[in-house]
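Dear colleague,

After it I have set out, in order, what was found.

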Amino acid sequence: MAYDTPSSLILFVTGVCNAGCQHCFYRSSLNQSDDALGIDTLSRLLNSLSRKCHLSLTGGEPFTRKDIDDIIKEALSCEMVSSLAVNTNAYLTDKINPTLDKLKNCNKPVYFQLSLDGLKETHDKNRQLRGCFDRVISIAERIESLSRDNPMLSYSLSVTLMKDNLRDVEDMMQFFSREGIKSKITLLRGNSFSSFLIPGQLMNPEYGPASAAASEDEIRGLIDRIRMSHPTYLSELNIKKIDLALKILNAKKRISICHAGDNDGVIYHNGDIGICEQVVPFGNMRNWDWNLYKAWNSDEADNHRKQLTKCACIHGCNLSTTIQLGKGG
Ligand code: SF4
Ligand code: SF4
């Protein structure tokens, strides 16, 4: 069977980050080298897509790259890229605002996912970036304003729920609701507590935060309270994802179809390619001359697919695909 290239591709454009978040899944491997793929290589990779793709640019902090505008332009000009997400901590406003100027008239959906971990004090402390909270809010407001003229441009604040910010979240929701700011909740993840039945040799050892996860009861209680106090605030997809994640955390085994290795895939800043972030890469794109179709149909990719039929995890991107393709548990 031949596999078309992923319809949802996570692309790490850098391993460099200006923040020092306790809950970062890749904390131990950030800022180790500056070997990110160049624009020509990224272009070759994108031009080998064989089906329409939602491309998610991440890192590290994408805006630490001097040529991030070129990368965004290249991605949007690729016929097979149907929509683009840019994940950012929004600290580098001097770079993000000019990028937004260039995106004012974008004619494909461009979605900014801005991370926020708490109210001002909690957020700035967790990010180790003074003033970060205010910058995130200013970028959210700017995109909100631009989106009135061009609905292709959108954003959401992404709140990663963990022990340390549990107390802040209801106040945050009230603040967001009052200010008309869109947000969503994701759950802290790490292989030691939120991935199950991954064969030992495939487990990505770098995938884990220093922060502690909230308990299932704490998460469920919080979500119920938010749904009571702000019934329409969390999107239907967000609620379904949290429900599915809680069921998986409880069952500790696969209870729904996972599309990683078919619809979902990940490419790292050094060209390594994997089925998903939770498992080790199956190779490096240079082995397949930067052709994603060839890599995705390689024996190495198949070998990983065959070993990953029973595992389960709560990675939001993978759960989104499961739910959107209608096979949620
Ligand atoms: S901003 Fe993102 S990549 Fe950087 S340390 Fe925080 S979670 Fe990690
Ligand atoms: S369930 Fe899917 S996304 Fe999660 S670890 Fe297994 S293969 Fe990866």
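This is a predicted model: local features need pLDDT of at least 70, side-chain atom pairs count only at pLDDT 80 or more; totals for chains, interfaces and linings use all residues.

Which residues are around ligand 1? The residues around ligand 1 are C17, A19, G20, C21, C24, G59, G60, E61 and N89. By kind, this shell divides into 4 nonpolar residues, 4 polar ones and 1 charged one.

Turning to the chain as a whole, it has 12 helices and 11 strands, and its C-alpha trace spans about 50 × 45 × 35 Å along the principal axes. For a chain of 329 residues, a compact globule would have a radius of gyration near 20 Å, and the 19 Å found here agrees with that.

One helix pair was also examined. Two packed helices are described by the angle between their axes and the distance between the axes. Helix α6, which covers residues 166-179, packs with helix α8, residues 216-229, at an angle of about 15 degrees, and their axes are 11 Å apart. Because angles under 35 degrees count as roughly parallel, α6 and α8 are roughly parallel to each other, and the crossing in which α6 passes α8 is right-handed. On the α6 side of the contact are L166, V169, E170 and M173, which meet E218, L222, R225 and I226 in α8. The residues of this contact divide into 5 nonpolar and 3 charged, with no polar ones.

Notes
Residues are numbered from 1 along each chain as its sequence is written. Chains are lettered from A and ligands numbered from 1 in the order in which they are written. Axes are lines fitted to C-alpha atoms, for helices over the stretch in contact, and angles run from 0 to 180 degrees between N-to-C directions. Helices (H or I, at least four residues) and strands (E, at least two) are DSSP runs, numbered from the N terminus. Angles under 35 degrees count as roughly parallel, over 145 as roughly antiparallel, 65 to 115 as roughly perpendicular and the rest as oblique. A crossing is left-handed if the near helix is turned anticlockwise from the far one by less than a right angle, and right-handed if clockwise. Two residues are in contact if their C-beta atoms, placed from the backbone, lie within 7 Å. Ala, Val, Leu, Ile, Met, Phe, Trp, Tyr, Cys and Pro count as nonpolar, Asp, Glu, Lys and Arg as charged, and the others, Gly among them, as polar. A residue is near a molecule or strand if its C-beta atom, placed from the backbone, lies within 6 Å of it. The radius of gyration is taken over C-alpha atoms; the globule rule is 2.2 Å times the number of residues to the power 0.38.
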